[in-house]
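Subject: Handover of a structure and findings

Dear colleague,

My findings follow directly after it.

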Protein chains: 2
Amino acid sequence: MPNKKNKLPKNAKRVFKGEIFEVWQWPQKMFDGSIETFEMLKRPDTAGVIAVVDDKILILNQRQPDSASSFLSLAGGRREKNETALNGAKRELLEETGYVARDWQLFNKISPSGKIVWTSYTYIARDCIYWQPPCLDAGEKITAKLISFEEFLALADESDFYEPELVNYMLRARADKKIYKKFHKILFKK
Amino acid sequence: MPNKKNKLPKNAKRVFKGEIFEVWQWPQKMFDGSIETFEMLKRPDTAGVIAVVDDKILILNQRQPDSASSFLSLAGGRREKNETALNGAKRELLEETGYVARDWQLFNKISPSGKIVWTSYTYIARDCIYWQPPCLDAGEKITAKLISFEEFLALADESDFYEPELVNYMLRARADKKIYKKFHKILFKK
């Protein structure tokens, strides 16, 4: 269960290393004293960016090479080795959209799965400026668009916008004026 | 991205089989024609049960052998081989709580991760009846409790109730009277 045990026990051993995922196992003492093999995965952390450009929010429409359909998402991606989560977020925003920002803030940090050692960060990047053309890799087809705060909150109803934790907050903001104002203020400073 | 490509391509090969997870890989043609190794996981499907007992809902407090803290959840668990998702849900409800029901309905079915071949089912079990003492395995410490519909909707605010898709619906029900009534009716038939 997220945010609870996003850690491997000390006696865990890596039994497989793939392209993204590692598989780890350990002997686990059960409540009756018996031993079973427990298993968890490890994967690189990821970061998503709520990028604010003037009074708009930057949203991506992406397609990946193994799927015919596109989906909406925040800018973001996997953290590389020897990179902080924040630097990974900055790199992905620049590569995917060409935008940069000076004013960054961590908005949320969760472990989406109790079975995977993996932290998912969500950052806010305020006052973003278009810096250079995006630099997509061979596995990305991305177009960015700017939407209003209202349009952004409406995305909570779109099944192809898959950010479950953020959607929960967006629904709260839609239902509760206080949270709406708080969310607006953290994004736009007003 | 969930509900989009929860399928392995035909040329995928299993490169590792663990206790829960399998790792599969395939050569993926990128948009520029180059080839990269893509990777996905496969894991047993899971089912959760919103179990209705008279005008109450059955919620579990669980602890697992590799964690000191407990968490709240629906009854449920992994589907076994040669078992339908529904039969898995019935078995888990009986094992974990001792309750049975005749009146079952599929409430929701999602693929929580675009990188894992895995379907998560949520069932409603109406008019549950206590049948026999729970039959927990060595890796489970579970106590069940009955809560009202209002208390159930309030669980959306509890960080140790980790059912993100369901929480999403609970928040909608709290914000919108129509959804509230629809949810109440599907659970309690009134």
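Predicted model: local features only at pLDDT ≥ 70, side-chain atom pairs only at ≥ 80, totals over all residues.

Overall description

Chain A contains four helices and 13 strands. Along the principal axes, its C-alpha atoms fill a box of roughly 60 × 40 × 35 Å. The chain has 190 residues, and 49% of them count as buried. Its accessible surface comes to about 9,800 Å², with 49% belonging to carbon and sulfur atoms. If one takes the contacts in chain A between residues at least 6 apart in sequence, 59% of them join residues at least 24 apart.

Aromatic pairs

Over all chains, the count comes to 25 aromatic pairs. One of them is formed by Tyr169(A) and Phe183(A): the ring centres are 4.9 Å apart, the planes stand at 85 degrees, and the pair is edge-to-face. Tyr169(A) belongs to helix α3 (residues 164-175) and Phe183(A) to helix α4 (residues 177-188) of chain A, so this pair ties together parts that are 14 residues apart in sequence. Phe183(A) is buried, at a relative accessible area of 0%.

Chain B has a pair of its own between Tyr169(B) and Phe183(B), whose ring centres are 5.0 Å apart; the planes lie at 90 degrees, so this pair is edge-to-face. Here Tyr169(B) sits in helix α3 (residues 164-175) and Phe183(B) in helix α4 (residues 177-188) of chain B, and the pair links distant parts of the chain, 14 residues apart. For Phe183(B) the relative accessible area is 0%, and the residue is buried.

In chain A, ring pairs also join a cluster made up of Phe107(A), Phe149(A), Phe152(A), Phe161(A), Tyr169(A), Tyr180(A), Phe183(A) and Phe188(A).

Charges over rings

Arg43(A) lies over the face of Trp118(A), 4.7 Å from the ring centre. In chain B, Arg43(B) lies over the face of Trp118(B), at 4.7 Å from the ring centre.

Individual buried residues

Asn168(A) is located in helix α3 of chain A. This residue counts as buried because its relative accessibility is 8%, and buried means under 20%. Leaving aside residues up to four places away in sequence, Asn168(A) touches Pro164(B), Val167(B), Asn168(B) and Leu171(B).

Arg126(A) is placed in strand β11 (residues 120-126) of chain A. With a relative accessible area of 5%, Arg126(A) is buried. Again without residues up to four places away in sequence, Arg126(A) touches Val52(A), Ala101(A), Asp103(A), Gln105(A), Ile186(A), Leu187(A) and Lys189(A).

Thr97(B) lies in helix α1 (residues 85-97) of chain B. Thr97(B) counts as buried, at 4% relative accessibility. Among the residues that Thr97(B) touches are Leu58(B), Leu60(B), Ala75(B), Tyr130(B), Gln132(B), Pro134(B) and Ala144(B). The C-alpha atoms of Thr97(B) and Ile142(B) are separated by 8.2 Å, while the two residues are 45 apart along the chain.

Yours sincerely

Note on methods:
Residues numbered from 1 in each chain as written. Chains lettered and ligands numbered in written order. Heavy atoms only, no water. Helix = DSSP H or I, 4+ residues; strand = E, 2+ residues; numbered from the N terminus. Buried < 20%, exposed > 50% of the residue type's maximum accessible area, 1.4 Å probe, protein only. Contact = heavy atoms within 4.5 Å. Areas by Shrake-Rupley, 256 points an atom, 1.4 Å probe, with all protein chains shown as cover. Phe/Tyr/Trp six-rings, centres within 6.5 Å; stacked < 30°, edge-to-face > 60°. Lys NZ or Arg CZ within 6 Å of the ring centre and 35° of its normal.
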